[in-house]
Amino acid sequence: MHTRTVAATVGALLGFSALVLPTSAAQAADSGMSHGPVVVAHRGASAYAPENTLEAIDKADELGTAWVENDVQRTKDGELVVIHDTDLKRTTDVEQVFPDRSPWKVADFTLAEIKRLDAGSWFSPDYAGARVPTLEQYLNRVSANHQKLLLEIKAPGLYPGIERQTLRELRGEGWLDWYHVRHKLIIQSFSADSVKTVHKLRPDVKTGFLGTPAVADLPQYAAFTDQINPNYKTVTPEYVAAVHALRGAHWRPLELFTWTINDGPNATRLAGYGVDGIITNTPDVVREATEGDAADAASGASGSFSGATAP
C-alpha cells in the first residue's frame, strides 16, 4: 500500500518543510492554481447575500468566483434541500409561519412547508422572498453560471442513505459525467464514514474530509479522500507539508482547503503556508489578497516557518 513509507516521508517533511512548500506551490501552478489558492465562496458569497440561496450563488458569480460551497440535508418527505443548520430558525421565518412546530428541525418539515419560508429577510430586506433551494434547483443555477461545486453532506447521521441519494441527484442533473467529476465537483463532510461511503459508491468522485486529523492519522484518511479541509485556526506550515507529503485516494498529492477566512491578512498568511484552497464568505477580499502572490508566498515561505503558529 502506498502509505507504507509515509511515516518516514512525513517526518522528513516536518523537519525540512521550508524546502517542501515551494514544491507545493509548483504543483499548484501545474494544476492551474498559478494565481494562488482556489477561492471557494462559502455557502455562496454569504457576506453579501443570504447563505445557501440562489441569490448567494449569483452574487459569487458577479464577483467572478468559480467555486461555490453548499450544505445538503433532507426533508421529512425525503427531498434534498440546501441549508446549513439542522434547524430552520436562524435563516428563515419558520417561527412566525409555524409557531407551534418547535424545535423546527429541517427533518421535521416537508418540502412544501419549507418552500413557504422566507430565507432572505433575516439577512436584509433587499432579499425578502428568497427561498431555501432544493439541491436540484441549486445544481441548475450553478450549471447556468458555469460554476463549480464543493458540496457538503451535512449531519449525515440524521439522514441514513443521504450519500447514495445525493449521488443519484447529481447523476440525474448531469453532474456525474466525466467532465463534471474531473473538473467541477468535490463532495466533503465532517463525517469520515460519510466520505468513505461516497468514495465506495463512486470511487471516481473527488472527496474531502472536514477537520484536522492528527498527522499520524493522515495516511488512514488518504486511503479514501483527496482533501483534508481544516479550520484555518488549526493550520500550520508543518501541517500543510504533512498533508502534501501524502497521495490521496486518486494517487494525486493530498490537498488542503481551509475555512473560513474572510480577511486579507489571514488569507495571505495561509496562502504563504501553501494551502490549495481558501473557503470564504468574502471571495473578492480573499482573491484580491492572494491572486498573483503565489510566487511571493512560495519564496517567502521559508522565512515564515520559524515563528508561525496557528491563530
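Colleague: Where is H244 placed?

Modeller: H244 is in helix α11, which covers residues 237-244. Keep in mind that this is a predicted model.

Colleague: Why does H244 count as buried?

Modeller: Buried means under 20% relative accessible area. H244 has 10% relative accessibility, so H244 counts as buried.

Colleague: What makes the link between H244 and D276 a polar contact?

Modeller: The cut-off for a pair of N or O atoms is 3.5 Å. The side chains of H244 and D276 are joined at 2.8 Å, and that is a polar contact.

Colleague: Let's step back a bit. How many helices and strands does the protein have?

Modeller: There are 14 helices and nine strands. The protein has 311 residues, and 53% of them count as buried.

Colleague: What about β2 and β4?

Modeller: β2 and β4, residues 148-153, pair in the parallel sense over six bridges. N70 stands opposite L151 in β4, and V72 has I153 as its bridge partner in β4.

Colleague: And which way do β2 and β3 run?

Modeller: β2 and β3, residues 80-82, run antiparallel and are joined by three bridges. V72 turns up again here, with V82 as its bridge partner in β3. The hairpin of β2 and β3 has five residues between the strands, and G78 there takes a positive phi near 85 degrees.

Colleague: What makes β4 mostly covered?

Modeller: In β4, five of its six residues are buried. β4 also pairs with β5, residues 185-189, in the parallel sense over four bridges. In that pairing, L150 stands opposite I186 in β5.

Colleague: Back to helices. How many residues of α12 are buried?

Modeller: Seven of the ten residues of α12, residues 264-273, are buried, and the helix is mostly covered. The buried residues are G264, N266, A267, L270, A271, G272 and Y273.

Colleague: What sits at the start of α12, and what comes just after the helix?

Modeller: At the start, a side-chain oxygen of D263 reaches to within 3.0 Å of the backbone nitrogen of N266. Just after α12, G274 takes a positive phi of about 95 degrees.

Colleague: How many aromatic pairs does a search of the whole structure find?

Modeller: The search finds six aromatic pairs. Take F123 and Y127: their ring centres are 5.9 Å apart and their planes are at 70 degrees, so the pair is edge-to-face. The cut-off for that name is over 60 degrees.

Colleague: Why is the pair of Y221 and F224 called tilted?

Modeller: Planes under 30 degrees apart count as stacked and over 60 as edge-to-face, with the rest tilted. For Y221 and F224 the planes are at 45 degrees and the centres 5.6 Å apart, so the pair is tilted. Y221 and F224 are both buried.

Colleague: Why does F123 count as partly exposed?

Modeller: The limits are 20% and 50%, with partly exposed in between. F123 has 28% relative accessibility, so F123 counts as partly exposed. F123 also forms one aromatic cluster with W122 and Y127.

Colleague: How do you know that the charged end of R101 sits over the ring of F98?

Modeller: The distance limit is 6 Å from the ring centre, and the direction must be within 35 degrees of the ring normal. The charged end of R101 is 5.3 Å from the centre of the F98 ring and sits over that ring. R247, in turn, lies over the face of W251, at 5.8 Å from the ring centre.

Technical notes
Residues are numbered from 1 along each chain as its sequence is written. This is a predicted model: local features need pLDDT of at least 70, side-chain atom pairs count only at pLDDT 80 or more; totals for chains, interfaces and linings use all residues. Side-chain values use heavy atoms; hydrogens and water are left out. Helices (H or I, at least four residues) and strands (E, at least two) are DSSP runs, numbered from the N terminus. Buried means under 20% relative accessible area, exposed over 50%, partly exposed in between (1.4 Å probe, protein chains only). A polar contact is a pair of N or O atoms within 3.5 Å; within protein, one must be able to donate a hydrogen and the other to accept it, and residues adjacent in sequence count only if both atoms are side-chain atoms. Two strands pair if DSSP finds at least two bridges between them. Rings of Phe, Tyr and Trp (its six-membered ring) pair if their centres lie within 6.5 Å; planes under 30 degrees apart count as stacked, over 60 as edge-to-face and the rest as tilted.
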